Number of protein chains: 4
Amino acid sequence: MSTPRIGIWIIGARGGVSVTTLVGLSALRNGLTPETGLVSCLAEFAHLPLTNWDQFVVGGHEIRSSTLQDEAQRLHHDSRVIEAVALEKSQDFLASAEANIRPGVLWNVGPTIRDLASPDVAVEKSARDAVDRVQADLRDFQQRERLDNVVVVNLASTEALVDSSLWPETWEAAEEQLGQPDCPLPASSLYAIGALELGMPYINFTPSLGATPKGIDELARKKNICHAGRDAKTGETLLKSVLAPMFASRNLEVMSWVGHNIFGNLDGKVLSDPDNKASKVKSKDQLLERILGYAPQSLVSIEHIASLGDWKTAWDHVHFRGFLQTPMTLQLTWQGCDSLLAAPLVLDLVRFVLVAQERGETGALGVLGSFFKSPLGTDRHGFAEQTEDLIAWARRSS
Amino acid sequence: MSTPRIGIWIIGARGGVSVTTLVGLSALRNGLTPETGLVSCLAEFAHLPLTNWDQFVVGGHEIRSSTLQDEAQRLHHDSRVIEAVALEKSQDFLASAEANIRPGVLWNVGPTIRDLASPDVAVEKSARDAVDRVQADLRDFQQRERLDNVVVVNLASTEALVDSSLWPETWEAAEEQLGQPDCPLPASSLYAIGALELGMPYINFTPSLGATPKGIDELARKKNICHAGRDAKTGETLLKSVLAPMFASRNLEVMSWVGHNIFGNLDGKVLSDPDNKASKVKSKDQLLERILGYAPQSLVSIEHIASLGDWKTAWDHVHFRGFLQTPMTLQLTWQGCDSLLAAPLVLDLVRFVLVAQERGETGALGVLGSFFKSPLGTDRHGFAEQTEDLIAWARRSS
Amino acid sequence: MSTPRIGIWIIGARGGVSVTTLVGLSALRNGLTPETGLVSCLAEFAHLPLTNWDQFVVGGHEIRSSTLQDEAQRLHHDSRVIEAVALEKSQDFLASAEANIRPGVLWNVGPTIRDLASPDVAVEKSARDAVDRVQADLRDFQQRERLDNVVVVNLASTEALVDSSLWPETWEAAEEQLGQPDCPLPASSLYAIGALELGMPYINFTPSLGATPKGIDELARKKNICHAGRDAKTGETLLKSVLAPMFASRNLEVMSWVGHNIFGNLDGKVLSDPDNKASKVKSKDQLLERILGYAPQSLVSIEHIASLGDWKTAWDHVHFRGFLQTPMTLQLTWQGCDSLLAAPLVLDLVRFVLVAQERGETGALGVLGSFFKSPLGTDRHGFAEQTEDLIAWARRSS
Amino acid sequence: MSTPRIGIWIIGARGGVSVTTLVGLSALRNGLTPETGLVSCLAEFAHLPLTNWDQFVVGGHEIRSSTLQDEAQRLHHDSRVIEAVALEKSQDFLASAEANIRPGVLWNVGPTIRDLASPDVAVEKSARDAVDRVQADLRDFQQRERLDNVVVVNLASTEALVDSSLWPETWEAAEEQLGQPDCPLPASSLYAIGALELGMPYINFTPSLGATPKGIDELARKKNICHAGRDAKTGETLLKSVLAPMFASRNLEVMSWVGHNIFGNLDGKVLSDPDNKASKVKSKDQLLERILGYAPQSLVSIEHIASLGDWKTAWDHVHFRGFLQTPMTLQLTWQGCDSLLAAPLVLDLVRFVLVAQERGETGALGVLGSFFKSPLGTDRHGFAEQTEDLIAWARRSS
Ligand SMILES: NC(=O)c1ccc[n+]([C@@H]2O[C@H](COP(=O)([O-])OP(=O)(O)OC[C@H]3O[C@@H](n4cnc5c(N)ncnc54)[C@H](O)[C@@H]3O)[C@@H](O)[C@H]2O)c1
Ligand SMILES: NC(=O)c1ccc[n+]([C@@H]2O[C@H](COP(=O)([O-])OP(=O)(O)OC[C@H]3O[C@@H](n4cnc5c(N)ncnc54)[C@H](O)[C@@H]3O)[C@@H](O)[C@H]2O)c1
Ligand SMILES: NC(=O)c1ccc[n+]([C@@H]2O[C@H](COP(=O)([O-])OP(=O)(O)OC[C@H]3O[C@@H](n4cnc5c(N)ncnc54)[C@H](O)[C@@H]3O)[C@@H](O)[C@H]2O)c1
Ligand SMILES: NC(=O)c1ccc[n+]([C@@H]2O[C@H](COP(=O)([O-])OP(=O)(O)OC[C@H]3O[C@@H](n4cnc5c(N)ncnc54)[C@H](O)[C@@H]3O)[C@@H](O)[C@H]2O)c1
Ligand code: NA
Ligand code: NA
C-alpha cells in the first residue's frame with residue numbers, strides 16, 4: 001500500500017501564517033531546519049502515527065490577488081525573518097500550492113475584510129450557494145491531487161463578532177439559516193459547514209465563528225467528523241494561561257491585568273476595525289476569569305503599529321495582592337514573530353486532528369485545548385493542565 | 001480533649017521573614033487580614049485537618065541582638081509594608097514570642113554571618129555540643145509552653161555552600177562528623193539534627209545545607225519524622241518554574257536565560273558575600289536544565305541595592321528560538337516584597353508538615369516540592385506538576 | 001515693612017494634586033521634609049527673591065463635597081504615600097485652608113465633571129455671572145486674609161477639548177462670548193478671566209483651555225499680568241521631551257512611539273471620558289513632531305485601572321531606525337506617584353510666577369516652558385533647552 | 001585642484017565596528033542607504049566643509065587572521081543586520097581595504113587580547129620599536145595611496161585598566177617610558193603616539209588608555225595636532241547622559257542606578273575578562289556623579305550572552321525619591337545593535353576631526369564630548385549640553 005497523500009486546504013492561503021506554514025513545511029521536507037516550535041515533534045508524541053512532511057499537498061481559498069512568493073518575500077524583507085536559503089528553496093513548493101488556490105467566499109465578512117478582496121471574487125446569492133462553491137473546490141482538489149484525506153484550516157482574517165443569539169443551536173436551524181437571504185453565518189462558518197458535510201475535518205485557527213455553534217458541531221457528529229478551535233494561542237494569551245494558574249495556586253489576588261499588544265502586519269490592520277478587534281479581545285480576555293475563579297479588572301488592547309511588521313510586542317502589567325494585602329507587580333514584555341509562532345501549530349493541529357480522525361473521534365476536540373485561546377470541547381484553560389490532557393490523550397491513543 | 005498547642009520554633013527569629021510571619025500570624029488571629037497568599041487556605045485543602053492560627057506558639061533561635069518589635073517597625077517604615085493597625089495590634093504577640101528567643105548556634109556559618117552575631121552568642125567546642133544546646137532549648141520550649149508538637153523552621157541567613165563531597169551519606173557518618181573538631185556540617189544541619197533527633201519535623205526555608213545530606217534524611221526516617229526543603233520559591237525562580245515548562249511544551253528552544261535580582265534587606269547583604277551567594281545562585285539556576293532537558297546559557301545575579309529595602313526587583317531576559325530558527329524574546333520584571341511573599345509559605349509549610357506527620361510520613365516530603373527552589377524528595381521541577389502533586393496528596397490524605 | 005502675605009487660590013482645591021501640595025507645604029513649613037522635587041530650591045535659583053513657605057495662605061474653589069482631611073487620608077491609605085507624621089502635622093494647616101474653600105463654577109465643563117459636583121453648586125445664567133462670582137470670592141479671600149498678592153492655580157479636572165475655531169482671538173471677542181447664553185468658554189477660561197481682570201496671575205496646570213486663547217492673553221497683557229500653562233509635565237511626557245531630542249541629535253529615525261498610561265485616581269476616572277481624554281492625549285502627543293521635525297506613528301493611551309490608585313505606570317515603546325536602516329527598540333516603564341510629582345511643581349510655578357510678576361513680565365511666560373506639556377509663549381519643546389531658558393531667565397532677573 | 005584623498009586608518013580593522021563602518025561607507029558611496037544615524041549629516045552641520053564619502057581610503061592594523069568579508073558575513077548571518085544587497089555591493093570596497101591591513105601591535109594588551117592574536121603577529125623588543133613599526137605602516141599607507149591626510153581611529157578591543165599613577169604627565173616622561181623594557185603604556189597609547197608624532201589626528205573610540213595621559217596630549221599640542229576620545233557613547237551610557245540631567249533639573253534624588261548589559265559579540269567576550277571589563281565599567285559608571293553632583297549607589301554589569309550576537313540589551317533600573325521622600329522607579333530596556341550604533345559615529349568623528357584639524361585646533365577636542373562616555377577636554381557630561389557645544393562650535397567654525 002502506498003503512503004497516503006494528505007491535503008491541507010487553507011482558508012486565507014496567502015496570509016502571513018499560511019505562507020510561513022508553507023515555507024516552513026518546505027524547509028522541513030528539505031531538511032533545512034530543525035523541528036523547533038513543533039509540538040508534535042516532542043518525545044511525548046513520538047509513538048503516534050503522525051503524517052510525514054512529504055505526505056502533505058496544499059491548496060486553499062483566498063480573496064486577495066497576490067502570490068505566495070510575494071508574501072514570503074515581504075515577510076523576509078520587512079520583518080527580517082525566514083532565512084534567504086529557506087526562502088529560495090521553497091519556490092517550487094509555493095508554486096505548486098499556488099496552482100491550488102481558488103477565490104474565497106465573502107459572505108458576511110464585514111466591510112474591512114471585503115475591502116481587501118480582489119474585485120473579481122464572486123459574491124453568492126445565498127449562503128448555501130457559497131457552501132456549494134466551497135465544496136466544489138474541495139472535491140476538485142481531492143480528485144486532482146488524488147488525496148486520501150483533506151483537512152481544512154481556517155487561517156483567514158478575523159471576522160467581526162456575531163451576536164451569539166443568532167448562533168444555530170441545531171443543525172436543522174443552521175440549514176434553515178443557510179437558505180435565508182440574510183443568513184447571519186459568516187464565511188468562516190460556511191467554510192466549516194462545507195468541509196464537515198464532505199467529511200473533512202475543520203480547524204479554526206482564528207477567533208471567527210467557524211464551527212463554534214452547537215448546530216455545526218451537531219453536523220460534525222452526524223458525519224463522524226472532528227473539528228478543533230478556536231483562536232490559536234501563540235503569545236500574550238499563552239503567557240496568561242501559563243501565569244494565571246500560578247497566582248491561583250499561590251492564593252495571590254490578581255487585582256488588575258492589563259495587556260497592550262502592538263504589531264504591524266495585515267492581521268493587525270484588520271484588527272484595527274473595532275468590530276473585528278472585538279472578536280479577538282474577547283478571546284484574549286475571558287480566560288482570566290475561568291482560571292482565577294473571579295474577574296480582575298482587565299484590559300486588552302491591540303494596535304496596528306506599521307513599523308513592527310510581523311513582530312508582535314505585548315506588554316502585560318499584572319497588579320496583585322499578597323499577604324497582608326501588599327500590592328506587588330509583574331510586568332512582561334513579549335517580542336515574538338507572530339507568523340512564526342503560529343505556523344508550526346498549524347502543522348501540529350493538522351497532524352493531531354488526523355490521528356483523532358483515524359481513531360474515530362468526533363465533534364470538537366477538547367484535547368487540543370492547549371492550542372487555543374477559546375478552546376472548544378473543554379473547560380480547562382490553564383496551559384499546563386491542557387498540555388497534560390494532550391499527553392494523556394496521546395498515551396491513550398497509542 | 002483540649003485543642004492541641006503547636007510550637008513553631010524559628011531559626012533566625014528576628015529576621016525579615018520571621019517577623020513578617022509573626023505579624024501576619026497575629027493579624028490572622030485577630031481577623032485583621034484575609035487569607036491572601038496562604039496556599040493552605042485554598043478550597044483544595046479545605047478538608048484537611050489544618051492547625052488553626054490560634055493554636056500556634058512561637059519561639060526560636062537568633063544571633064543578633066535586636067527585638068521583634070524593632071524589626072517589624074523597620075519593615076513598616078523602610079519598605080512601606082504592613083499596615084499601621086496590623087503592626088500595632090501585633091505588639092503583645094511579638095512580646096510573647098520574644099520571651100521564647102534563645103541565642104543561636106554559629107558553627108561553621110562563615111565570616112559574614114558571624115559578623116552579624118552579638119558578641120555574647122556562645123561558640124561550642126564541638127558540633128555535638130551545639131546540637132545539645134539546641135535540644136535543651138527545644139525541650140525547654142516544649143515543656144514551658146506545654147506543646148503537643150514542635151515544628152522547627154530554618155529562616156536563618158543563607159550559609160556558604162558546603163562542598164558536597166563532605167555531606168554524610170549515612171547517619172553513622174554524620175554522627176562521626178559531629179564529634180570531629182573540624183566538623184564540616186554548618187549550623188543549619190546541626191539545627192536539623194537537633195530537631196529530628198527529638199522527633200520534631202524540620203523545614204528548611206533557605207538554601208543552606210540543613211537536612212539535605214542522605215545521612216540526615218536517614219536519621220529522620222529512623223525517627224519516623226518528616227522534613228521538607230530547600231530554599232523557598234517566592235519570586236524569580238517561581239516564575240522560572242512556571243514559564244520554563246511552557247517553552248518545553250511548545251518545543252521552543254531556550255538559548256539563554258538571564259536573571260538579575262536586586263534588593264536591599266539584610267538577606268541581600270549576607271548574599272553579597274560571594275560564598276553565601278553561591279548557595280543561592282546554584283539553587284536558583286539549576287532547575288532550568290531539569291525542566292528543559294538541556295542547559296541553556298544562564299546567568300543569575302543577586303545584588304544588594306540598599307534603597308530597595310525588602311522590595312526585590314528581578315529582571316529576566318529569556319532569549320529563545322522558534323520555528324525556522326527565529327530568535328524571540330521574553331522579558332519579565334518582578335517587583336515583590338520578599339518577606340511578604342515568604343511569610344505565608346512558612347505558615348503553609350508548618351500546617352502541611354503537621355498533616356504529613358500525623359499521617360506517619362517520614363523523610364523528605366517531595367509532595368511539598370512546589371514550595372522550594374531545590375525540592376528534596378522529588379524530581380519534579382515544573383510548578384504546575386508540583387502543585388498537582390500537592391493537591392493529589394491532599395486528596396489522598398483526606 | 002512686614003513680610004508680604006501671598007495667597008494661592010486653587011481651582012480644584014480638594015483634588016489629589018492640591019491636597020498633596022497642601023500637605024507638602026505644611027511639611028516644608030514644619031521642616032519635616034527636605035526640598036526634594038522642588039525645582040525652585042536648586043542652587044541655580046538660590047539668588048532669586050523667592051517667597052518663603054510660611055508666607056503662603058491657601059484657599060480655592062471646589063465642586064465636590066468632601067474635606068481636605070479625607071482626601072489626604074485617602075492618598076495615605078490607598079496609595080501608600082505621605083508619611084503618617086507629615087499627615088498628622090498638617091491637620092491645622094488643612095483646616096485653615098478648608099475654611100477658604102468656596103463652591104466652584106460648572107460652566108461648560110461637560111457631563112463627566114458635572115457628575116462629580118455636589119448638587120448645591122450653583123450654575124449661573126451666563127458666563128459673565130460666573131466670572132463675577134469667581135471675582136467676588138477672590139476679592140473676599142484677599143481682604144479677609146490681608147494678602148499682598150494672590151496667584152490663581154487651576155488644578156481642576158481636565159475639561160473636554162474645545163473646538164479651536166471657537167477660541168476668541170481678541171479680548172473684545174472674548175467679552176462678547178461671555179455675554180452669550182451659549183458661551184463656548186469652559187470654566188477654566190472663566191476662572192482665568194476672573195483672575196486676570198483682577199490683576200492676579202493665573203497658572204494652568206491642566207490641559208483645559210484656561211488662558212490659552214489669544215483673546216485672554218490679550219487681557220493679561222492689557223492688565224500687565226502674566227500667566228503660565230498648559231498641562232504640567234510630570235511623567236511620560238517629561239521623558240518624551242528628554243529622550244526625543246536624543247534621537248534627533250543622533251539622527252536616529254523614530255518610526256513609532258507608543259505610550260500606554262494606566263492609573264487609578266479621580267483624575268484617571270475623569271480622563272476615562274473620551275472627550276476629556278482627548279484634551280490630555282493631544283497635549284501628550286504633539287511634542288514629538290515639534291522636537292523631531294517629522295511625525296512618527298504615535299499612540300498614547302490613558303486608562304483607569306482602579307487598583308493603581310495615584311500610581312501612574314507608563315510603558316513606552318520607541319521603535320527607531322539606525323544606520324543602514326537597522327530597526328532598534330527602547331522601552332521605558334515609569335512608575336511614579338502622580339500627585340507627588342505634580343505638587344512641588346505647583347509651588348515652583350507659584351514662586352517663579354511671583355518673581356516674573358515682580359519684574360513686570362506680562363502675558364504667557366514662555367520661560368516656564370519646562371514645566372508644561374503644551375507650553376504657552378515658547379516654541380521650545382526639548383526639556384534641556386527649556387531648562388536652560390529658565391536658568392538664563394533666572395540669571396537675567398537677578 | 002583635485003579633491004583631497006583622506007585616509008582612515010583603523011586599529012582593529014576586522015572588528016565588528018570597523019567592518020560595519022566599511023560596509024556602511026560603501027553603501028553611502030553607492031547611494032544604497034540614507035544618512036540615518038550620521039550626526040554630521042544633520043542640518044546643523046550642512047555648512048561645514050565635510051569630507052565626502054568617496055574621498056575616503058581605508059586601511060588599518062589587526063591582530064586576528066580573518067577577512068573583512070567573513071566578518072561582514074558573520075554580522076549579516078548571526079545578528080541579522082546589514083541587508084543582503086548592501087553586503088554584496090560592498091565586496092570590492094572591502095577587498096581594497098583588506099589590501100591595506102597590516103599586523104597590529106600587542107604591547108601590554110593583556111592575556112585575553114593576546115589570545116585572540118594570530119601567532120605570526122610580531123612582538124617588539126621595546127615599545128619604541130612598536131611605535132616605529134606603526135609609523136612605517138602609516139607612512140607606507142599615505143604614500144601608496146597618495147593621501148592628503150590620514151586619521152587614525154582606535155577600534156581595537158578594550159585593554160585592561162592601566163594604573164593611573166603610571167600615566168606619563170609630560171611628553172618627556174612618556175618618551176622615557178617608551179624606551180623601558182617594562183613600558184607600562186599599552187598598545188592603544190603606542191598607536192596614539194605613532195599617529196601624533198607623524199602629525200596625524202587620533203581618535204580613541206574605546207575605553208583603552210590611548211592619548212588620555214597628559215604627556216601624550218602634550219605631544220599632540222607640540223605637533224599642532226588634535227585628538228579625541230574616549231569610549232564612544234552609543235547605548236546605555238548615552239541614555240544615562242540624557243536622563244540623569246532630568247533628575248538633576250527636577251531636583252529628584254537618584255538613590256540607586258543599576259544597569260545590566262548583555263550581548264554576545266567578540267567585544268563582549270573580551271569584556272568578560274574582569275580586567276578588561278574594569279575599563280569599560282569605570283567609563284560607564286562615572287558620569288552619574290559628574291552630572292548629579294553626588295554619587296548614588298550604582299552598579300554596572302556587562303555579561304557575554306552568546307545567543308545575542310551583536311545585539312546589546314541593557315536593562316536599567318533607576319530608583320529615585322520625589323517630593324515628601326516618595327520612592328519611584330524608572331526602568332529602561334535598550335535593544336540596540338552595537339556595531340550599527342557605533343559605525344556612523346566613527347564616520348562623524350573622522351569628519352569633525354578633519355574640520356578641527358583644518359581650523360588648527362590642537363590637543364583633546366572637548367567639543368566632541370557628546371560622542372564619548374569619558375570625554376577628554378571637557379567637563380560637560382550631560383548629552384544636551386554636549387550637543388549644544390558641538391553645534392556652537394560648528395557655528396563658530398563656519
Ligand atoms: N500568531 C498568530 O499569527 C495568530 C494567532 C492566533 C490567531 N491568528 C489568526 O490567524 C489568522 C491569520 O493570521 P495572519 O497573520 O496570517 O493574517 P493575514 O491577514 O496575514 O492573513 C489572512 C488572509 O486571509 C485572507 N482572507 C480574509 N478573508 C478571507 C476569506 N473570507 N476567504 C479566504 N481568504 C480570506 C486575507 O486576504 C489574508 O490573505 C487571523 O485571523 C489571525 O487573527 C493568528
Ligand atoms: N522571599 C524570601 O524572603 C526568601 C525566599 C527564599 C529563601 N529565603 C531565605 O530565608 C532566609 C531568611 O530570609 P530573611 O529575608 O528573613 O533574612 P534576614 O537576613 O532578614 O533574616 C535572617 C536572620 O537569621 C539570623 N541568623 C543568621 N544565622 C543564624 C544562626 N546561625 N542561628 C540563628 N539565627 C541566625 C540573622 O541574624 C537574621 O536575623 C534567608 O536564608 C533567605 O535566603 C527567603
Ligand atoms: N502629575 C499630575 O498629577 C498631573 C500632571 C499634569 C496635569 N495634571 C492635571 O491636574 C489636574 C488635577 O489633577 P488631580 O490628580 O489633582 O485630579 P483630581 O481629580 O484629584 O482633582 C481635580 C479636582 O478638581 C475638582 N474640580 C473639577 N472641576 C472643577 C471646577 N470646575 N471647579 C472647581 N473644582 C473642580 C474636582 O472635584 C477634583 O477635586 C487634572 O486636570 C490633571 O489632568 C496632573
Ligand atoms: N557600540 C559599540 O560597539 C562600542 C561603543 C563604545 C566603544 N566600543 C569599543 O570599540 C571597540 C571595538 O568594538 P567591536 O565591537 O568592534 O569589537 P571587536 O572585538 O569586534 O573588534 C575589535 C578588533 O580589534 C582587534 N584588536 C584587538 N587588539 C588589537 C591590537 N592591539 N591591534 C590591532 N587590532 C586589535 C581584534 O582582533 C578585533 O578584530 C571595543 O573596544 C569596544 O569596547 C564599541
Ligand atoms: Na499573524
Ligand atoms: Na493626578
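In this predicted model, an oxygen atom of ligand 3 is 2.8 Å from a polar backbone atom of C:Ala156, a polar contact being a pair of N or O atoms within 3.5 Å, where within protein one must be able to donate a hydrogen and the other to accept it, and residues adjacent in sequence count only if both atoms are side-chain atoms. Taken alone, ligand 3 exposes 830 Å², of which the protein buries 98%, accessible areas coming from the Shrake-Rupley method with a 1.4 Å probe, with only the protein chains shown counting as cover for residues. A nitrogen atom of ligand 3 is 2.8 Å from a polar backbone atom of C:Val105, and a backbone N or O atom of C:Gly12 lies 3.5 Å from a nitrogen atom of the ligand.

Residues are numbered from 1 along each chain as its sequence is written, while chains are lettered from A and ligands numbered from 1 in the order in which they are written. Local features need pLDDT of at least 70 and side-chain atom pairs count only at pLDDT 80 or more, whereas totals for chains, interfaces and linings use all residues; side-chain values use heavy atoms, with hydrogens and water left out.

The shell around ligand 3 holds 29 residues, of which C:Gly16, C:Val17, C:Glu62, C:Ala156 and C:Tyr191 come nearest, a residue being near if one of its heavy atoms lies within 4 Å. By class these divide into 13 nonpolar, eight polar and eight charged, where Ala, Val, Leu, Ile, Met, Phe, Trp, Tyr, Cys and Pro count as nonpolar, Asp, Glu, Lys and Arg as charged, and the others, Gly among them, as polar. At least three residues of this shell come from each of domain 1 (6-232 + 340-396) and domain 2 (236-337) of chain C, the bounds being those of an automatic or database domain assignment.

In chain A, ligand 1 is surrounded by 30 residues, with A:Gly16, A:Val17, A:Glu62, A:Ala156 and A:Tyr191 the closest. An oxygen atom of ligand 1 is 2.8 Å from a backbone N or O atom of A:Ala156, and an oxygen atom of ligand 1 is 2.9 Å from an N or O atom in the side chain of A:Thr158. Because domain 1 (6-232 + 340-396) and domain 2 (236-337) of chain A both give residues to the shell, ligand 1 lies between them. The centres of these two domains, taken over C-alpha atoms, are separated by 25 Å, and their contact takes 21 residues from domain 1 and 28 residues from domain 2 of chain A, contact meaning heavy atoms within 4.5 Å.

Elsewhere in chain A, A:Ser79 has its place in helix α2 (residues 68-79), helices being DSSP runs (H or I, at least four residues) numbered from the N terminus. A:Ser79 is buried, with a relative accessible area of 4%, buried meaning under 20%, exposed over 50% and partly exposed in between (1.4 Å probe, protein chains only). The side chain of A:Ser79 reaches the backbone nitrogen of A:Asp310 at 3.0 Å.

Turning to chain D, 30 residues lie around ligand 4, and by class they are 14 nonpolar, eight polar and eight charged. A nitrogen atom of ligand 4 is 2.9 Å from an N or O atom in the side chain of D:Thr234, and an oxygen atom of ligand 4 is 3.1 Å from an N or O atom in the side chain of D:Asp267.

Technical notes
Helices (H or I, at least four residues) and strands (E, at least two) are DSSP runs, numbered from the N terminus.
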